[in-house]
Amino acid sequence: MIKTSNVTKIFTGRGQIVRAVDGVSAEVAAGEVVVIIGPSGSGKSTFLRCLNGLEQFDEGHIVIDGVDLADKKTDINKVRREVGMVFQQFNLFPHKTVLDNITLAQKIVRKRDRDEAQQKARQLLQKVGIAEKEAEYPSRLSGGQQQRVAIARALAMDPKIMLFDEPTSALDPEMVGEVLDVMKQLAREGMTMVVVTHEMGFAREVADRVIFMDQGKLVEEGTPEHFFTEPKEERAKTFLKQVL
Amino acid sequence: MTGSQSIWPWKLLLAAILIVMAAGTWGAVNRIDYTWRWNRVPDYFLYKSEESRKIPFDGWVEKIISVGSTSTVSLVSESGEKVTVKVATNTVRVSESEDLFEGDTIGFVKEWRLGPLTTGLWTTLWLSAGASVLALIIGLLTGLARISRNYTLRGLAALYVEFIRGTPLLVQIFIAYFFIGTVFDLSRNAAGIGALAIFAGAYVAEIVRAGIQSIPKGQMEAARSLGMNLFQAMVYIILPQSFKRILPPLSGQFISLIKDSSLVSVIAITDLTKSGREIITSTFATFEIWLTIAAMYLIVTSILSQLVFYLERRLAASD
Ligand SMILES: Nc1ncnc2c1ncn2[C@@H]1O[C@H](COP(=O)(O)OP(=O)(O)OP(=O)(O)O)[C@@H](O)[C@H]1O
Ligand SMILES: [Mg+2]
């Protein structure tokens, strides 16, 4: 479903050159849940953002469902329809109601008519458990509710892949569970997911594979059992000691 | 002690200061021996004109039919040609079967006419409205160009904004009329509106740019990640949110535009200010006219700010 080879992203700013993503090659099969972990600044977000073209990478190839993002002729908007993204800061549209947040892109990108889009939106709101809030504005929802709306908004586009960038990091602890529950359910339904998170419990329970990144490089990858119990790399061991 | 209790001494002080200032002005005006003629001012808004109606040929009056305040006078020429003329009954100067020569006055027609203050205000209003619409379009495009990725577009927009903000509007109006207007054969109205629009457009551009940049980056990213293209993301996500933020400074800019429009009187556009100057050359009510004109500008601008205030409150629904 996703195949990246030697992806490199270089930031240049104030005379400094940062290799935020440094030659990462990875694969994600359809229906697989891959969790990316690593210390702060290791390039997890940057790598994830490369996967849907929010960040343009300097070297390498990313092939999504057979389409190469490095190819100049690729219509990135078409790819993005198939790749949903959930952000740490939710990024709901504050001037739209919950329902409109979910129907807007369906109407203008997927060209669905109003009724169809609303029906889809209500069905998804039901699924993430906040059907009663459809007429509210995002500012009147709790963080956990906002993030669930954001997930519903991404799902409404019927994506083949969902990317999550620390979806629970901005949440109060008591709301983390409700968002993780939605994600677990998605995983069970067979959604292809790439999740950057600090929730080691989630990684252990849901991930098919764990990728550990440090300083832009993919340092180690493997099943959760392998990674959490007997990591090979020294850096991974140090990291696990700190977070567990 | 609560806030409402402690404020009334300050209200009293404010009232006292205003009264002292008014009294001082009044005293000063009295000393310079000025005769106030406020009763003349209403005529400059609306007046009743009397226009004479004349016979277009040599002939005679066939008959006069008076219905209420209007009379219909039927005239017959020496060659048998007939015309009827309507005049006010109490101004009829002729009687039935009287012989008349071409150009003799039959009577008068009384009509309400708009005075120069009203027409001047109207000119100021449409001039400002036209310039505002253009300024909004120019400002929006320039503001977007200012934050575009294209270096040439950014450079052009920055140069335009710098040039306009670095030169006086009065000079710009002269350039627009005498230079550009001559080269491209523009009317004075076109030159006036154009100069005002280009001037205000530069400021609107900066307001638009700041408004767009004040929207968190995540909004654009969320929109793009849903597959919207740049244009759709701008139209549906970024601009509506910026609009709410730029509305207050934008309305301030348009209020300035209404006031600045008084400068176009230098290229002989008869706006409110120019009308005032013309009235004063034929009357001696200098004080009254300028005070009236100031009040008229004030009323227009406060109506506008009230409208914006109302709009802002309606837009605040999602906060
Ligand atoms: N827009 C940018 N311009 C310059 N440098 C950047 C930019 N975005 C990220 N970086 C740098 O790239 C590196 C990787 O950042 P990234 O945000 O991908 O890390 P991360 O693993 O997601 O960290 P965190 O866990 O804190 O979110 C960091 O050193 C960061 O300073
Ligand atoms: Mg990050």
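Modeller: In chain B, Trp60(B) has Asp99(B), in strand 5, as its bridge partner. The model is predicted: local features need pLDDT of at least 70 and side-chain atom pairs 80 or more, whereas totals for chains, interfaces and linings use all residues. Residues are numbered from 1 along each chain as written, chains are lettered from A and ligands numbered from 1 in written order, and side-chain values use heavy atoms, without hydrogens and water.

Strand 2 (residues 59–67) and strand 5 of chain B run antiparallel and are joined by two bridges; pairing requires at least two in DSSP. Strands here are DSSP E runs of at least two residues, and helices are H or I runs of at least four, numbered from the N terminus. The sheet in chain B is open, with four strands in the order 4-3-2-5 and antiparallel pairing.

Chain B is divided into domain 1 (50–112) and domain 2 (116–317), with bounds from an automatic or database assignment. Their centres, taken over C-alpha atoms, are separated by 53 Å.

In chain A, helix 3 (residues 98–108) packs against helix 4 (residues 114–128) at about 130 degrees, with axes 9 Å apart; axes are lines fitted to C-alpha atoms over the stretch in contact, and angles run from 0 to 180 degrees between N-to-C directions. Residues of helix 3 of chain A, including Ile102(A) and Gln106(A), meet residues of helix 4 of chain A, among them Ala121(A) and Leu125(A), contact being heavy atoms within 4.5 Å.
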